[in-house]
Amino acid sequence: MSDNTPVVQGRGIVKRYGHVTAIDHSDFELRQGEILAVIGDNGAGKSSIVKAICGATIPDEGEILIEGKKVNFTSPIDARNMGIEIVYQQLAMSPALSIADNMFMGREIRRSGFMGKYMRQLDRPAMEKFARDKLTELGLMTVQSINQAVETLSGGQRQGVAVARAAAFASKFIIMDEPTAALGVKESRKVLELIQDVRARGIPIILISHNMPHVFEVADRIHVHRLGKRLCTIDPKDYTMSDAVAFMTGAKEPPKEGTA
Amino acid sequence: MSEPNPTSQEFETAVNRTEKVAEFESSRRGFVGGLQHILHVNPSFVPLIVLLGAMLIFVLLLGSKFLSPFAMTLILQQVQIVGIVAAAQSLVILTAGIDLSVGAIMVFSSVIMGQFTFRYGIPAPVSVVCGLGVGAAIGAVNGWLVSRVKLPPFIVTLGMWQIVLATNFLYSANETIRSQDIEANAPFLQFFGTKFSIGGASFTIGVVFMLVLIAVLSYVLRHTAWGRHVYAVGDDPEAAELSGVNVHKTLMSVYMLSGLICAFAGWALIGRIGSVSPTSGQLANIESITAVVIGGISLFGGRGSIMGSLFGALIVGVFTLGLRLLGADAQWTFLLIGLLIITAVAVDQWIRKVSG
C-alpha cells in the first residue's frame, strides 16, 4: 500500500428508501492524515453517506474501499473492529457510569488468570490507567477522577472523553458528527484543538459540521454534498466561506471535480 | 445545583491541575452537597442507614426481645422469599424495565416441581430442574417481547403475570400438595427449608441461598463486563448500542436470569411453607418492587446496587416484626412502608440532580 492510497474510497454509492434516493451515485474520498470536512444543506444526505461508510446503513449499489480493500460492513461494530471510530453527536455515553467504564464499554479488558478466565473479572486498574493515560495525552486530565460519573462532567469534558475514546481505539480513521454543535465558544475551541491533536498523531478524520468557521479552521479539504451526491471537493485556502455556502445551496456553479 | 463545576469554566487553562481541584470542590460543596455526592456514588447508603436506624429504634423500644437470635432468625426467614425475588426484580429494574410476573413465575415453578413429582412420579431433582427450566423459559419470552418486539416491560409482564397465574391454576386444578406428603415422599422439594443453627440462631438453606445470591449478583454487576452492560442498557440503551453493547443479548439474559431466580424462589417457597400451594406468594411482585424501591434502585434504570434491595427487604422485615412485637396494628406497617417508598423515590430524584 503506497502512501497516497486513500484511507476510504467510495465509488458510485446509492441508497434508496422507497422512492427517496438518499445517496445518488456519490463518490467519497478520505486521504491519509487529513481532516476532511463534509458539509451540505439539511437533507443533502451528508449523514447518509457517512453512515454508509461506517456500516450504519448498507448501500444498495456502489463499493467502499478501506485502504484499497473492498469492505462490506453490516454494522458499525464491523467498522469498529477494523479500527474505525465514530464520535456521535449524542456522544453515546452512559451518564451514570464512570469515565473509565464508558471508554471501555463494549470492549472491556478482563483480568488474566483464574479471576479473569473463570470469574470473568474486569481488570479495573488496567482500564483506569489506560483511560487516564489517554486523557492526559490529550490534555484532558482536568477531570478530578477517572471514576467519576460522566454526568458530572461539563459538555466540553464529555465531548473530550468521547474524542479521547475514539482516538484511543482508532487505527484507521475517526468520524465526528457535529462535535461542536452543542458547545459554548471556549469548549468548542478546546474540541477543535483536540481534533487537530488527533490529526497530528496521524489519524485522519471525517468531520461533519454545519459550522463554517470551524470547518475552515481545521479542515484540509472540504467535501461539499448536494442533492445526494458529492458536488465537489474544495481546498479551504482557495475559497471563502460564502463560496462554500453558495456551492452547498446551488447558488454558484461548482469548480471542476478534482480541484482539491 | 450545588455543582457549579469550576473546572468546566476554565476548561482550557486548567490542563495541568492536580488533585487539589477535588479538595477545593468538596469544601465548596457544603454538607448537603457532600451528602448528595456520597449518595450518588453509594446509592445503597440510604437504605442501610434506615435499616440500622429502624433496628436501633426497635432495640430501644423492645430491648432484648428484639435483639434475640430468635427474632433475627425470624426476620431472615420471613424475608428470604421476597429477598430472592427482589434480586430478580433488581436486575430487571436496572435495565429500566419492571417485572410484574415474578410472583406468578415463582408460584408456577413451585407447582411444576410439586406436580411433576407427585402427578407423574418423576424423581424430585428432575422435577426441580424442570421447574427451573420453565421459569427461565417464561423469562425468555418476556425478554424477547421486550427486546425484539419492543413492547413496554410493564405491559409485557402485566400480561405474562395473568397468563402464568391462570396457567398455574388450570394446571394445578387449584390443588395443594400437603406438607406431610412431600416430607414423606419427596423431601428434596423442601431442601431450602433445611435448618441448621449457629450460636442459637437457626438458619435455613433458603436464607443462605438468598445471601449468597445477592453477594454473587453484586460481584457480577460490579466486576464483569456483563454487569456494566446491564447498567449501560438501563441508563441509555441507544448509547449502549452505539458503544458496541449487544442490547438484545443483555436484555434477554437479564429476563431469563430473572425467570430462573424466580423459579429458585419457587423452590425456596416450598421449603418455607412446606406445601406446594398454587395460591401462595400472590403479593411477591408488589413486595419485591417495594424492596427494590426502598433499596434505592432507580425505577428509571441504570442506578442503584443490588445490596440496596436486600436492605430494602430487610427494612420491611424489621418493621413487620418490630411493630408486631410492639402489639401495633399491622396497618401501621403498611403505612410506614408506603411512606418509605415515596421518600425513597424522592431521594432518588434528588440524587439525580447531581447531573443537572
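This is a predicted model: local features need pLDDT of at least 70, side-chain atom pairs count only at pLDDT 80 or more; totals for chains, interfaces and linings use all residues.
In chain A, 6 strands make an open sheet, and going across, the order is S6-S7-S8-S3-S9-S10. The pairing is mixed. As a quick reminder, strands of a sheet pair through backbone hydrogen bonds, either parallel or antiparallel. At the edges sit strand S6 (84–87) and strand S10 (229–234) of chain A, each pairing on one side only. On average, neighbouring strands here are turned by 20° against each other, direction ignored.

Now zoom in on one pair. Strand S7 (residues 173–177) and strand S8 (residues 205–208) of chain A run parallel and are joined by 4 bridges. If you want one to find on screen, A:Asp177 has A:Ile208 in S8(A) as its bridge partner.

What packs on this sheet? Helix H7 (residues 185–200) of chain A does, touching strand S3 (35–40), S7 and S8 of chain A. Its direction makes about 155° with that of S8(A). Helix H6 (residues 155–169) of chain A lies across S6 and S7 of chain A, at about 175° to S6(A).

Finally, the core. The largest nonpolar core has 175 residues, and those touching the most other members are A:Ile174, A:Leu207, B:Ile84 and B:Val85. Both domain 1 (34–58 + 72–94 + 155–249) and domain 2 (97–148) of chain A supply at least three residues to this core. Take A:Ile174: beyond its neighbours within four places in sequence, its contacts include A:Glu85, A:Val87, A:Ala166 and A:Ile205.

Thanks, happy to chat!

Conventions
Residues are numbered from 1 along each chain as its sequence is written. Chains are lettered from A and ligands numbered from 1 in the order in which they are written. A nonpolar core is a set of buried Ala, Val, Leu, Ile, Met, Phe, Trp, Tyr and Cys residues joined through C-beta atoms within 7 Å. A residue is buried if 20 or more other C-beta atoms lie within 10 Å of its own, exposed if 12 or fewer, and partly exposed in between; C-beta atoms are placed from the backbone. Domain bounds come from an automatic or database domain assignment. Two residues are in contact if their C-beta atoms, placed from the backbone, lie within 7 Å. Two strands pair if DSSP finds at least two bridges between them. Helices (H or I, at least four residues) and strands (E, at least two) are DSSP runs, numbered from the N terminus. Axes are lines fitted to C-alpha atoms, for helices over the stretch in contact, and angles run from 0 to 180 degrees between N-to-C directions.
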